[in-house]
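Biologist: I have some questions about how the terms are used here. Please set each one against its cut-off.

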Amino acid sequence: MSGNAGESQGPLRVMVVDDHPMWRDAVARDLAESGFDVVATAGDGEQAVRRARAVTPDVLVLDLNLPAKPGVQVCKEVVGANPALRVLVLSASGEHADVLEAVKSGATGYLLKSASTEELIDAVRRTAVGDPVFTPGLAGLVLGEYRRLASEPAPAAGADEPKAPQLTDRETEVLRLVAKGLSYKQIAERLVISHRTVQNHVQNTLGKLQLHNRVELVRYAIQRGLDDE
């Protein structure tokens, strides 16, 4: 049985993007020393997009403030080209607008540069398996934004959805907990199933609903009131 990248198929492949060479090199070194395979680094947005497409990392550790192309645009392009790629933003900015913009562009998590090396390493591992990872205080902000987005009418929903896809009871149960903001680990503990099983249910649900990431999945669930049940 094949596992996720990093579990049974060798070390996690990570790419680091930051325009400050000393910081970039330090992060890459810390990750390499912790057992990750740092497959590439980049110092500007254009370079980041090119290299990410060439080396296909599992996780992209991305600064937002980049020359040539901003980090949110890099995130949109690399996730658009490879939806399996996870993006962890590592930024000096804790501005709410930056956090929300990053998440809406496809980032799985957002960590401030004040985080410790141990927090970064843990965040990269959790990001790789699809867990949302946020510096404390930012997770609630993001969930609030999910709710706000969900309250807006979805464009042309009726025309595109002649029939709601059939989810299993367990998939619906997992979706409901995702919408409440629980991590995959918390969902696994709540339902007494493995972390891998939670991931499988989420991936199956994404496929059935023709959605691309957790942001779209949470919006779908909240629009249908699943977070209130």
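Modeller: Start with burial: a residue is buried under 20% relative accessible area and exposed over 50%. Keep in mind that this is a predicted model.

Biologist: Which residues of helix α9 (residues 184-191) are called buried?

Modeller: Tyr184, Ile187, Ala188 and Leu191. Each of these is under the 20% cut-off, so the word buried applies.

Biologist: What does the face turned away from the buried side carry?

Modeller: The exposed residues Lys185, Glu189 and Arg190. Exposed means over 50% relative accessible area, so that is where these three stand.

Biologist: What covers the buried residues of α9?

Modeller: The cover includes α8 (169-179), α10 (195-209) and α11 (214-223). After α9 comes Val192, with a positive phi near 55 degrees.

Biologist: What makes a set of residues a nonpolar core?

Modeller: Its members are buried nonpolar residues such as Val and Leu, joined through side-chain atoms within 4.5 Å. The largest core has 30 residues, and Leu60, Val78, Val87 and Tyr110 touch the most other members. Helix α3 gives the largest share, five residues. A second, separate core of 22 residues includes Ala179, Ala188, Leu206 and Leu211.

Biologist: Which residues does Val78 contact, leaving aside neighbours within four places in sequence?

Modeller: Val49, Ala52, Leu60, Leu85 and Val87. Contact means heavy atoms within 4.5 Å, so each of them has a heavy atom within that distance of Val78.

Biologist: Why is β1 described as largely enclosed?

Modeller: Four of its five residues are buried, so the rest of the structure largely encloses β1.

Biologist: How do you know that β1 pairs with β2?

Modeller: Pairing needs at least two bridges. β1 and β2 have five, in the parallel sense. Met15 stands opposite Ala40 in β2. β1 also runs parallel to β3, with four bridges. There, Met15 has Leu60 as its bridge partner.

Biologist: What makes the crossover from β1 to β2 right-handed?

Modeller: The chain goes from β1 through helix α1 (residues 21-33) to β2. With the strands pointing away from the viewer, a right-handed path runs clockwise.

Biologist: Where is the pLDDT under 50?

Modeller: Residues 1-8 are one such stretch. Residues 156-162 are also below 50, with two contacts beyond near neighbours in sequence. The chain averages 84, and 86% of the residues score at least 70.

Note on methods: Residues are numbered from 1 along each chain as its sequence is written. This is a predicted model: local features need pLDDT of at least 70, side-chain atom pairs count only at pLDDT 80 or more; totals for chains, interfaces and linings use all residues. Side-chain values use heavy atoms; hydrogens and water are left out. pLDDT is the predictor's confidence in each residue, from 0 to 100. Buried means under 20% relative accessible area, exposed over 50%, partly exposed in between (1.4 Å probe, protein chains only). Helices (H or I, at least four residues) and strands (E, at least two) are DSSP runs, numbered from the N terminus.
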